[in-house]
Amino acid sequence: MTKSDLIKSLQERFKTYTYQDMYQAVNIIFDSMVEALRKGERIEVRGFGNFTIRERKPRLGRNPKSGAQVELSERRVPFFKTGKELKLMVDNKK
Amino acid sequence: MTKIEIIQNVYEKLGFSKKESADIVETVFDLIKEKLAQGEKVKISGFGNFIVKEKRSRRGRNPQTGEEISITARRVLTFKSSQVLRKALN
């Protein structure tokens, strides 16, 4: 499922709203999540999971193609921890 | 940020009622969950991909007692953040 499939499914559930409205709603949801993470905030969605920021220390890496050594600076990466309910749903144990 | 604040954002920016905004946000997460439960992957451009992976059974250890246990085969969810999101964070 892609974002546009999600928007279509959403519109089928809310027939009174337009596709444009649902398009905007979905974008507002994910844009606001990106914005929160950008500010270093964590996101908690009960039943779904939590998004947190993890700090990566600077390190020396290698270009896997050329083998050349490259310096990787300190950076922040997003991390997702699946929520309990969704974890069980995915494993079909619920 | 919690779901309440996501709902608040939709409410302020879209002009739906609070109740409608809450229904929309709940439904978005429910739809994603339904797909993942079916083993389908969900790709949100600009955010990331949620992918269900099959894990084979393996031997593990209880980290507290050191006792060997068998870990059954299972399906787990992984999240691969999009390039756009990773760029936004740095």
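Me: Which residues form one aromatic cluster?

Reply: This is a predicted model, where local features need pLDDT of at least 70, side-chain atom pairs count only at pLDDT 80 or more, and totals for chains, interfaces and linings use all residues. Residues are numbered from 1 along each chain as its sequence is written, chains are lettered from A and ligands numbered from 1 in the order in which they are written, and side-chain values use heavy atoms, leaving out hydrogens and water. The cluster is made of A:Phe30, A:Phe48, A:Phe51, A:Phe80, B:Phe29, B:Phe47, B:Phe50 and B:Phe79.

Me: How is a pair of aromatic rings described?

Reply: By the distance of the centres and the angle of the planes. Rings of Phe, Tyr and Trp (its six-membered ring) pair if their centres lie within 6.5 Å; planes under 30 degrees apart are stacked, over 60 edge-to-face, and the rest tilted. The whole structure has 14 aromatic pairs over all chains. In one of them, A:Phe14 and A:Tyr17 have ring centres 5.6 Å apart and planes at 15°, so they are stacked.

Me: What is the arrangement of A:Phe51 and B:Phe79?

Reply: Their centres are 5.4 Å apart and their planes stand at 80°, so the pair is edge-to-face. This pair crosses between chains, from strand β2 (residues 49-56) of chain A to strand β5 (residues 74-81) of chain B. Strands (E, at least two residues) are DSSP runs, numbered from the N terminus.

Me: Is A:Phe51 buried or exposed?

Reply: Buried means under 20% relative accessible area, exposed over 50%, partly exposed in between (1.4 Å probe, protein chains only). A:Phe51 is buried at 1%, and B:Phe79 is buried at 16%.

Technical notes
Helix = DSSP H or I, 4+ residues; strand = E, 2+ residues; numbered from the N terminus.
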